[in-house]
Amino acid sequence: MLSDRKPKDANPEDLVFTSPTGKHIDDHLYSQRCWRKTLELAGVEYRNPYKTRHTFISHCLEAGIKPITVAYLVGHADTSMIFTRYAGVINKPDLPELF
């Protein structure tokens, strides 16, 4: 989707997402103006936008993306943080009823 919207003369150093005036998006203003309203409309209890990072990593691992690839995508130098913080919450097995 993003590739289709990319201008032909795009500068790789340009921002991908900008404010209405073409500048950096202010994190606090984004959180107050967009994030909270989006969660409210979706009926989701407020959570910090940073939580989406955890969700992204967990979904990547559940989808079978290699941990080294996930680490690269999110800016970790190695997989230790991926295994320590995120891998324990995915694909938990269900214990069958034995009796």
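Analyst: On a 1 Å grid over the protein atoms alone, a pocket is an open set of points where a 1.4 Å probe fits, with protein on both sides within 12 Å along at least five of seven lines; its lining residues have an atom within 4 Å of a point. This is a predicted model, where local features need pLDDT of at least 70, side-chain atom pairs count only at pLDDT 80 or more, and totals for chains, interfaces and linings use all residues. Residues are numbered from 1 along each chain as its sequence is written, and side-chain values use heavy atoms, leaving out hydrogens and water.

User: Which residues line the second largest pocket?

Analyst: Its lining consists of Thr18, Ser19, Pro20, His24, Ile25, Asp26, Leu29, Tyr30, Arg33 and Cys34. By class, five are nonpolar, three polar and two charged (Ala, Val, Leu, Ile, Met, Phe, Trp, Tyr, Cys and Pro count as nonpolar, Asp, Glu, Lys and Arg as charged, and the others, Gly among them, as polar).

User: And what lines the largest pocket?

Analyst: Leu2, Ser3, Arg5, Lys6, Pro7, Ala10, Asn11, Pro12, Asp14, Leu15, Val16 and Phe17 do. Here the classes are seven nonpolar, two polar and three charged.
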